[in-house]
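Q: I would like a close look at one part of this molecule. Please keep it short and clear.

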Amino acid sequence: KDIVPYIDWNPFFQTWELRGRYPNRGYPKIFLDQNVGSEAKKLFDDAQKMMHEIIADGSMTLKGIVGLFPANQSDDGEDV
């Protein structure tokens, strides 16, 4: 629930091959596109509904790992 505002929806629309024409590329401008805007909005609304159901019933959980690793510096740059 806490990560929902941080979701990048652009790959979602690209996966469904919904691409607005300039200047209506990308989320949320894609909804204004004459060719794909209405379909993009329907798809987005369905995804939102599904996501809220998943959050409400707890059928899925998110886990993440963060790591900080040392790097070595050499004469030509950094080596990881």
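Start with Glu-17: is this residue buried or exposed?

A: Glu-17 counts as exposed, because its relative accessibility is 71%. Here, buried means under 20% relative accessible area, exposed means over 50%, and partly exposed lies in between, using a 1.4 Å probe and protein chains only. First, some ground rules. This is a predicted model, where local features need pLDDT of at least 70, side-chain atom pairs count only at pLDDT 80 or more, and totals for chains, interfaces and linings use all residues. Residues are numbered from 1 along each chain as its sequence is written, and side-chain values use heavy atoms, with hydrogens and water left out.

Glu-17 sits in the loop between α1 and α2. Helices are DSSP runs of H or I with at least four residues, strands are runs of E with at least two, and both are numbered from the N terminus. The backbone of Glu-17 stands out too. Its phi is positive, about 55°, although Glu-17 is not a glycine. Most residues other than glycine have a negative phi, and most peptide bonds are trans.

Now look along the loop. Pro-28 is also placed between α1 and α2. A cis peptide bond joins Tyr-27 to Pro-28, with omega at about 0°. Next comes Lys-29, again in the loop between α1 and α2. Lys-29 is partly exposed, because its relative accessibility is 47%. Setting aside residues up to four places away in sequence, Lys-29 touches Pro-23 and Asn-24. Contact means heavy atoms within 4.5 Å. From Lys-29 to Trp-16 the C-alpha distance is 16 Å, and the two are 13 residues apart in sequence.

Asp-33 is another residue of this loop. Asp-33 is buried and has no salt bridge. A salt bridge needs a side-chain nitrogen of Lys or Arg within 4 Å of a carboxyl oxygen of Asp or Glu. For charge, Lys and Arg count as positive, Asp and Glu as negative, while His and the chain ends are not counted. Yet the side chain of Asp-33 does reach backbone nitrogens. That of Arg-21 is 2.9 Å away. That of Asn-35 lies 3.0 Å from a polar atom of the Asp-33 side chain. Beyond its neighbours within four places in sequence, Asp-33 is in contact with Gly-20, Arg-21, Asn-24 and Ser-38.

What follows the loop? Helix α2 spans 37–57. Side chains of opposite charge can pair when their charged atoms come close. The structure holds 2 salt bridges. In one of them, Lys-42 pairs with Glu-39, with the closest N and O atoms 3.6 Å apart. Lys-42 and Glu-39 are separated by about one helical turn, because they are 3 residues apart in α2. Glu-39 is partly exposed, at 41% relative accessibility. Asp-45 also forms a salt bridge, with Lys-41, and the closest N and O atoms are 3.1 Å apart. Asp-45 and Lys-41 lie 4 residues apart in α2, about one turn of the helix. Asp-45 is partly exposed, with a relative accessible area of 36%. Lys-41 is partly exposed as well, at 36%.

Notes
A polar contact is a pair of N or O atoms within 3.5 Å; within protein, one must be able to donate a hydrogen and the other to accept it, and residues adjacent in sequence count only if both atoms are side-chain atoms.
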